[in-house]
Amino acid sequence: MQNETALVDLIAQEVPPMTTKAFEAGRRRLLRSLADNGFHRPLDAVGRWLTAHARAVSAVLVGAAVLMFVLWLSGGLIDMRVYRAGAQALIEGRPLYSQGVLGPMFFTYPPFAAVFFLPLAVIPYPVLCGLWIAGNLVLLWQIVRRCTATVGLPTPLALVLFGLAVWLEPVRTSLALGQINIILLGLVVFDLCRRRPSRWAGIGVGLAAAIKLTPLIFVLYLLFARRWREAGVAVATFAVTVILGILFVPEAMHYWIGGVFGDSTRVGPVLSWSDQSIHGMLARVLGERESGPPWLLLGGAVGLAGTAVAGVIDRRGDRVLALGIVGMTAAAVSPFSWEHHWVWFLPVIIALAARLPWPVPALVFLAGAAVPTELPPIDFGHGMPTGIISIDFEGPLAFVVRNSYPLTIMAVITALGIHLLRRRRVRA
């Protein structure tokens with residue numbers, strides 16, 4: 001959007017003096033208006049070629065992804081089955097947290113999530129499987145369309161970016177396992193990237209946090225972005241869902257105060273390379289027990305820096321990049337984050353594609369790419385060997401590859417923070 005920025009700066013030279021707050025508000029409104037009307041950063045040669053051949057490129061990418069799903073068939077929508085089993089346990093009055101709901105597999109989500117998943121328990125299972133996969137793919141397409149429209153990319157590139165989206169390991173694994181992550185991404189994107197202002201903005205964030213606690217970090221980001229109303233609506237929505245959970249889920253209090261809430265071992269093994277949190281990264285270097293204090297320090301710093309940088313970026317009108325950074329930050333600072341929690345790569349890649357030359361978003365995409373690294377048949381007991389993080393290396397490179405997700409978001413936050421500080425000094 002460099003042409004829009006130049007136009008805004010030119011207009012600013014011709015208008016009467018005004019306060020910084022008023023200028024920034026007007027600048028954001030004008031940039032959003034230009035993006036809504038199809039203006040975008042002039043495309044480089046790669047962008048022009050992709051736009052001209054968008055349908056063919058998208059067809060190849062999606063077709064190759066389908067082939068990978070067939071050859072590396074795995075997952076069996078197991079997580080969706082856990083959601084369904086949790087809802088059935090609620091209906092039948094069985095324990096939700098004190099024992100496994102699907103064999104040894106625990107229900108690890110807040111009480112309201114079991115209420116949210118109730119429809120899954122009444123839909124016939126074969127029908128549910130088809131609806132879940134098709135619904136997630138349609139939702140993924142709509143997310144890509146909303147993000148590309150918000151950042152001002154031409155419509156044909158949405159097809160290319162959708163094809164690339166299914167080649168992101170977090171997206172691929174979410175689809176294979178029947179995970180909720182794409183739905184959470186949709187709740188936040190459609191809530192915070194609305195085409196028009198709404199008094200209901202913030203409800204999607206509150207609902208996402210009610211289903212899976214990590215989106216609560218978006219409230220902090222909204223405060224840094226000075227979007228006070230949305231932050232309040234999100235907190236109020238979350239509070240209502242907590243009350244509803246207590247009213248309708250018998251074991252709700254056991255979740256909140258009985259030790260379930262903070263027990264990350266119920267989610268997965270921290271030492272596994274599939275745990276792409278900062279906690280997991282440090283545990284693999286220092287040991288699980290010794291990693292606690294450093295994780296609190298580094299995780300707290302990354303969480304604060306990520307939300308603060310995103311808040312400034314939001315105030316400058318780049319909302320898609322801001323919410324993508326916050327989502328990746330949430331996954332990084334969480335006590336445990338499976339690779340499929342990192343679907344927030346997608347809005348970051350889309351936003352960077354609209355702002356910077358193609359090598360930059362390409363590098364971020366590569367960090368989260370679903371690259372097959374082992375031929376079938378495969379023993380999935382040691383993880384899913386279809387992502388960059390599953391490649392075996394030795395020495396320092398092994399550390400970078402095995403922890404590429406948290407290292408990527410820390411690099412993005414650092415680079416953007418330096419850029420914002422330099423711009424501030426230039427203006428001063």
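**Surface patch, salt bridges and helix packing**

Val 285 counts as exposed, because its relative accessibility is 53% and the cut-off for that class is over 50%. Good morning, colleagues. The structure before you is a predicted model, and every value I quote is computed from that model.

Let me stay with Val 285 for a moment. Val 285 lies in helix H16, which runs over residues 278-286. What does Val 285 form together with Leu 286, Phe 393, Leu 397, Phe 399 and Val 400? These residues make up a nonpolar patch on the surface, and their accessible area together is about 510 Å². Which helices each supply at least two residues of the nonpolar patch? They are H16 and helix H21, the latter spanning residues 396-402. H21 provides the largest share, with 3 residues.

I turn now to charged side chains. As a general point, side chains of opposite charge can pair when their charged atoms come close. In this model, the count comes to 7 salt bridges, and I shall take some of them in turn.

One of them brings together the side chains of Arg 94 and Glu 92, at 2.7 Å from N to O. Arg 94 is partly exposed, with a relative accessible area of 31%. Glu 92 is exposed, since its relative accessible area of 55% lies over the 50% limit.

A further salt bridge joins the side chains of Arg 194 and Asp 191, with an N to O distance of 3.0 Å. Is Asp 191 buried or exposed? Asp 191 is buried, because its relative accessibility is 2% and buried means under 20%.

Asp 318 is buried, with a relative accessible area of 10%. There is also a network: Arg 227, Glu 230, Asp 314 and Arg 319 are joined by salt bridges that share partners.

Helix H19 leads us to the packing of helices. The axes of H19 and helix H20, residues 359-367, come within 8 Å and cross at roughly 165°. H19 and H20 are therefore roughly antiparallel to each other, as angles over 145 degrees are classed in that way. The crossing in which H19 passes H20 is left-handed.

How do H13 and helix H14 pack? Their axes are 8 Å apart, at an angle of about 160°, and H14 covers residues 228-248. That angle makes H13 roughly antiparallel to H14. The crossing of H13 and H14 is left-handed.

Finally, I would draw your attention to Lys 212. Where is the place of Lys 212? It is in the loop between helix H12 (203-211) and helix H13 (217-224). Lys 212 counts as buried, because its relative accessibility is 11%, under the 20% limit. Along the chain, Lys 212 and Thr 108 are 104 residues apart, yet their C-alpha atoms are separated by 8.9 Å.

Thank you for your attention.

Terms used: Residues are numbered from 1 along each chain as its sequence is written. This is a predicted model: local features need pLDDT of at least 70, side-chain atom pairs count only at pLDDT 80 or more; totals for chains, interfaces and linings use all residues. Side-chain values use heavy atoms; hydrogens and water are left out. Patches are made of residues with over 30% relative accessible area and no salt bridge: like charges are joined within 9 Å, nonpolar side chains (Val, Leu, Ile, Met, Phe, Trp, Tyr) within 5 Å. Accessible areas come from the Shrake-Rupley method with a 1.4 Å probe; for residues, only the protein chains shown count as cover. A salt bridge is a side-chain nitrogen of Lys or Arg within 4 Å of a carboxyl oxygen of Asp or Glu. Helices (H or I, at least four residues) and strands (E, at least two) are DSSP runs, numbered from the N terminus. Buried means under 20% relative accessible area, exposed over 50%, partly exposed in between (1.4 Å probe, protein chains only). Axes are lines fitted to C-alpha atoms, for helices over the stretch in contact, and angles run from 0 to 180 degrees between N-to-C directions. Angles under 35 degrees count as roughly parallel, over 145 as roughly antiparallel, 65 to 115 as roughly perpendicular and the rest as oblique. A crossing is left-handed if the near helix is turned anticlockwise from the far one by less than a right angle, and right-handed if clockwise.
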